[in-house]
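Me: I would like to learn how to read the features of a structure like this one. Please take them one at a time.

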Amino acid sequence: MAFKMSTQKSSGKISEVTIGTGDKAIKLGGQNVLPFYSFDGDTGNVQKVGVEINDIYPESWIDCYKEMYKDVANDPAEWAKYVQDNTEADFVCLRLVGADPNAENKSVEECAEVAKKVADAIDLPLVVAGCGVAEKDGKVFAKVAEVLEGKNALILSAVEDNYKEVGASAGLAYGQKVGAESAVDINLAKQMNVLLTQLGVKSENIVMNVGCSAVGYGYEYVASTMDRIRLAAFNQNDKQLQIPIVTPVSFEVGHTKEAIATETDQPEWGDNEKRTISMEVSTAASVLIGGSDAVILRHPESIKTIKSFISELA
């Protein structure tokens with residue numbers, strides 16, 4: 001008797017979200033099966049890979065990163081152009097760390113000006129992340145959404161303390177996409193989506209940032225949360241969770257001990273650059289298998305490896 005492979009059909013489907021404009025625009029989501037399960041159904045759009053750049057010189061980054069981007073890291077627009085021309089990135093993520101009130105405390109206007117220059121310098125879609133201080137990010141994101149009108153950028157991310165300000169400006173007034181950020185919990189993820197949709201932001205204009213940790217740092221919580229989110233979206237047809245996921249891997253890996261410890265401090269651990277690439281690749285591969293539709297990385301070799309990984313599985 002010939003072998004007949006059984007398939008598992010799902011009633012739910014992830015919404016499709018477009019970021020960027022023109023030929024370089026990317027689409028996330030659209031699948032009705034678990035990641036890379038092409039034998040069960042439609043896998044939707046291929047997962048995407050972005051590169052993190054900063055609005056200020058990245059003093060806290062390890063030497064191999066600073067050396068790699070040394071000629072452009074003082075100019076975010078040039079840095080973004082370099083990423084576009086010299087890596088396999090699908091999009092650029094501008095992280096506005098200079099806005100942090102506890103550091104350089106750049107003004108809202110300064111941050112918006114940087115974002116506009118970066119967006120004008122590239123054809124790739126732009127993702128804009130904040131400094132992590134909700135009150136300041138809310139004000140910065142509102143202005144950034146305004147100056148980027150027409151760019152269809154992703155503002156990453158709205159949190160419970162600023163979602164009204166971010167959702168109203170980015171998602172409603174200026175036609176950007178909104179990231180809904182939560183802290184590795186299915187109920188918190190769903191709550192943020194509900195809050196934004198109740199505000200009036202359409203689900204096709206939302207992506208989820210459900211949280212991340214580097215492998216070895218409580219990653220099992222990330223894995224179980226992503227599993228529960230995707231299974232609820234597919235098998236329970238939970239429309240509030242049928243939204244693509246973007247995971248900023250580099251934000252977490254960039255400060256882990258294994259990635260940043262120098263060879264002088266930890267000679268038995270081997271080459272510093274190889275370690276940080278390994279941490280990025282391991283974490284990115286894990287979240288992609290878990291359900292993420294896009295990851296954000298730093299190292300070009302990490303990008304190349306993950307792009308190959310996606311291509312082989314997809």
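Reply: We can start with one residue. Val83 is buried, with a relative accessible area of 0%; buried means under 20% relative accessible area, exposed over 50% and partly exposed in between, with a 1.4 Å probe and protein chains only. The model is predicted, so local features need pLDDT of at least 70 and side-chain atom pairs count only at pLDDT 80 or more, while totals for chains, interfaces and linings use all residues. Residues are numbered from 1 along each chain as its sequence is written, and side-chain values use heavy atoms, with hydrogens and water left out.

Me: Where is Val83 placed, and with which residues is Val83 in contact, leaving aside its neighbours within four places in sequence?

Reply: Val83 is in helix α2; helices (H or I, at least four residues) and strands (E, at least two) are DSSP runs, numbered from the N terminus. Contact means heavy atoms within 4.5 Å. Setting aside neighbours within four places in sequence, Val83 touches Val51, Ile53, Ala89 and Val92.

Me: How do I read the span of a helix, for instance that of α3?

Reply: The expected span is 1.5 Å times one less than the number of residues. Helix α3, residues 108-121, has 14 residues and reaches 20 Å from its first C-alpha to its last, close to the 20 Å expected. In α4, the end C-alpha atoms are 20 Å apart, which agrees with the 20 Å that its 14 residues should span.

Me: Which residues of α3 are buried, and why are they on the same side of α3?

Reply: Val108, Cys111, Ala112, Val114, Ala115, Val118 and Ala119 are the buried ones in α3. They cover an arc of only 160 degrees around the axis, which puts them on the same side of α3; the arc is that of the directions from the helix axis to the C-beta atoms. These buried residues pack against β3 (48-54), α2 (76-86), β4 (91-95), β5 (126-129) and α4 (134-147).

Me: What do the buried residues of α4 pack against?

Reply: Their partners are α3, β5, β6 and α5 (163-173). Among the buried residues of α4 are Lys136, Asp137, Phe141 and Ala145.

Me: How is the packing of two helices described?

Reply: Two packed helices are described by the angle between their axes and the distance between the axes. Axes are lines fitted to C-alpha atoms, for helices over the stretch in contact, and angles run from 0 to 180 degrees between N-to-C directions. For α3 and α4 the angle is about 45 degrees, with the axes 9 Å apart. That makes α3 oblique to α4; angles under 35 degrees count as roughly parallel, over 145 as roughly antiparallel, 65 to 115 as roughly perpendicular and the rest as oblique.

Me: At what angle do α7 and α10 pack?

Reply: Helix α7 (residues 219-235) and helix α10 (residues 272-290) pack at about 25 degrees, their axes 9 Å apart. They are therefore roughly parallel to each other. The contact is made by Tyr219, Val222, Met226, Asp227 and Arg230 of α7 and Ser286, Val287 and Gly290 of α10.

Me: What about the backbone?

Reply: Most residues other than glycine have a negative phi, and most peptide bonds are trans. Phe36, in the loop between β2 (26-29) and β3, has a positive phi near 70 degrees. At 11% relative accessibility, Phe36 counts as buried. Asn237 also has a positive phi, about 55 degrees, but is partly exposed at 31%. A cis peptide bond joins Leu156 and Ser157, with omega about 15 degrees.
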